[in-house]
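Here are some notes to read beside the model. They go through it point by point.

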Amino acid sequence: MTPIVAVVGRPNVGKSTLFNRLAGKSLAIVDDQPGITRDRHYAPAHLAGREVTLVDTGGFDPQSGDPMQQGIARHVEAAISEADVIVCVLDGTLPPTTPDREAVALLRHSNKPVVYVANKVDNQGRAAQASELFSLGVPELVNVSALHGRGTAELALKVTAALPAFREPEPEPDDAPRIALVGRPNAGKSSLFNRLNGAERALVDDRPGTTRDALDARLTYDGKPLWVVDTAGIRRKSRVEEKVELLSVMQALKAVERAKIAIVLCDATEGVAEQDARLLGLCVDRNRGIIVGLNKMDLLSREDQKKAYQQAEDSLGFAKFAPIMGLSAKTGRGVSELVSKATFIAREWERRVPTAELNRFFRDVIERQPPPTDGGRAPRIFYITQAESSPPTFVAMCSGAVNIKASYQRFITNQIRKVFNFEGVPIQVHYREKTKKVLPPKPARPRKGDR
């Protein structure tokens, strides 16, 4: 297993900035507002020659009576328990606080190696000021400026020195499909993420907007390996005002682009809304495999469940290829079927149809329904081939490709889906003009006088 390095500390000391600096990427959302990070956020990193997994955590403040803060404290304790080394981040510009003392006390009881960091130390004056943190009883301090990168090389050396001895890992093929959970706020994405994970990886709260960072987890559910990404709830663009929420939405859209499958989760008790249709359209535009999940079905009567299915079909008719599945992330009902469908669609997304089989089908379609004439000219389609998979992309070679009407193009796409299935997968068919072969000019025959 790759060793785990957890970054902990009270709110607003720069944990996420340091996390991004060590990871070499802007993965965690950073803002001056305290309490931005709420869940555990994992990322691979390379520190002084060692491959590690970094874990960013929320601000540790167990004294707060806010249920959200209590949930964050549970996540911090979980990160500490699974870590091989802990990086405790302190603010080098301020005297020690009560949450600092409680964090240090918690780490002493963990019996884990801890590297204490004084952050925001970007000059000698602040280095002297940071020495006040020794009153916490810490044995050693590494002065860094996560914002500017100062001291992070020394920190990486300290962390790797505390890691367990290196063991060569056995390579394992990882063909697990990546699934992104997307939807409006409070649709139940984090509850489903935790249900699949078998543990409380994502913080769940009745208040919408709890999840902000996109969280990745590799897991096995019902014997099926998966990569699952929990994302922030996406509201209508006109209602996204805060900078933090905007960054959360951008991360969610990036998670969709990296995934094979997008599960668009809707709240069945509220019905499929216009924003759900927009999110589905975003996934279609990005050519992802798609499942529409109607969550919280356990709260509806049988009659209301039928109405929820019908309303979803009516509202999302532009993507009829996407299956609609009812589930309850809270009770687990329908989750196993959802996972089975997702793994099936992942295979469909990568499937290739042999050219010979494809053209036998196409010949029958052309005989039954040839392309309509346009301006007295009848375009001809000579053959079709699958150029790519992931997603399935077909190319039809034609004469008069520009004259093939959009209605006939939709007909061809529907026929491909009818014969070859491709459930839950968008299909692309490109029509290209067949170019005439240009033969090289024949050499001139020598004249009699030239012989």
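1. Strand E3 (residues 50-56) is mostly covered, with 6 of its 7 residues buried. Buried means under 20% relative accessible area, exposed over 50%, and partly exposed in between (1.4 Å probe, protein chains only). Strands (E, at least two residues) and helices (H or I, at least four) are DSSP runs numbered from the N terminus.

2. This is a predicted model, in which local features need pLDDT of at least 70 and side-chain atom pairs count only at pLDDT 80 or more, while totals for chains, interfaces and linings use all residues. Residues are numbered from 1 along each chain as its sequence is written, and side-chain values use heavy atoms, with hydrogens and water left out.

3. E3 has two partners to look at. Strand E1 (residues 4-8) runs parallel to E3 and is joined to it by 4 bridges; Ala6 stands opposite Val55 in E3. Strand E2 (residues 41-47) runs antiparallel to E3, with 7 bridges, and here His46 stands opposite Glu51. Two strands pair if DSSP finds at least two bridges between them. The hairpin of E2 and E3 has 2 residues between the strands, and Ala48 takes a positive phi near 50° in it.

4. For the protein as a whole, there are 12 helices and 15 strands. Of its 451 residues, 50% count as buried. Among contacts (heavy atoms within 4.5 Å) with a separation of 6 or more, 71% are between residues 24 or more positions apart.

5. Ile263 is in strand E10 (residues 261-267). Is Ile263 buried or exposed? Ile263 counts as buried because its relative accessibility is 2%. Leaving aside residues up to four places away in sequence, Ile263 touches Ile179, Ala180, Leu181, Val182, Ile291 and Leu338. The C-alpha atoms of Ile263 and Lys189 are separated by 9.3 Å, although the two residues are 74 residues apart along the chain.

6. The axes of helix H6 (residues 189-197) and helix H10 (residues 335-350) come within 11 Å and cross at roughly 85°. H6 and H10 are therefore roughly perpendicular to each other, a term for angles of 65 to 115 degrees (under 35 is roughly parallel, over 145 roughly antiparallel, the rest oblique). Axes are lines fitted to C-alpha atoms, for helices over the stretch in contact, and angles run from 0 to 180 degrees between N-to-C directions. Leu192, Arg195 and Leu196 of H6 meet Val335, Leu338 and Val339 of H10.

7. Helix H11 (residues 355-368) has 14 residues and reaches 20 Å from its first C-alpha to its last, close to the 20 Å expected at 1.5 Å a residue; the expected span is 1.5 Å times one less than the number of residues. Leu358, Asn359, Phe361, Phe362 and Val365 of H11 are buried. Seen down the axis, these buried residues fall within an arc of 160°, so they line one face of the helix. The arc is that of the directions from the helix axis to the C-beta atoms. Exposed Glu367 and Arg368 are on the face of H11 turned away from its buried side.

8. What do the buried residues of H11 pack against? They pack against strand E13 (380-388), strand E14 (393-399) and helix H12 (406-420). An open sheet of 3 strands has the order E13-E14-E15, with mixed pairing. Its edge strands are E13 and strand E15 (428-433), each pairing on one side only. E14 and E15 run parallel, joined by 6 bridges. H11 lies across E13 and E14, at about 145° to E13, and H12 lies across E13, E14 and E15, at about 130° to E15.
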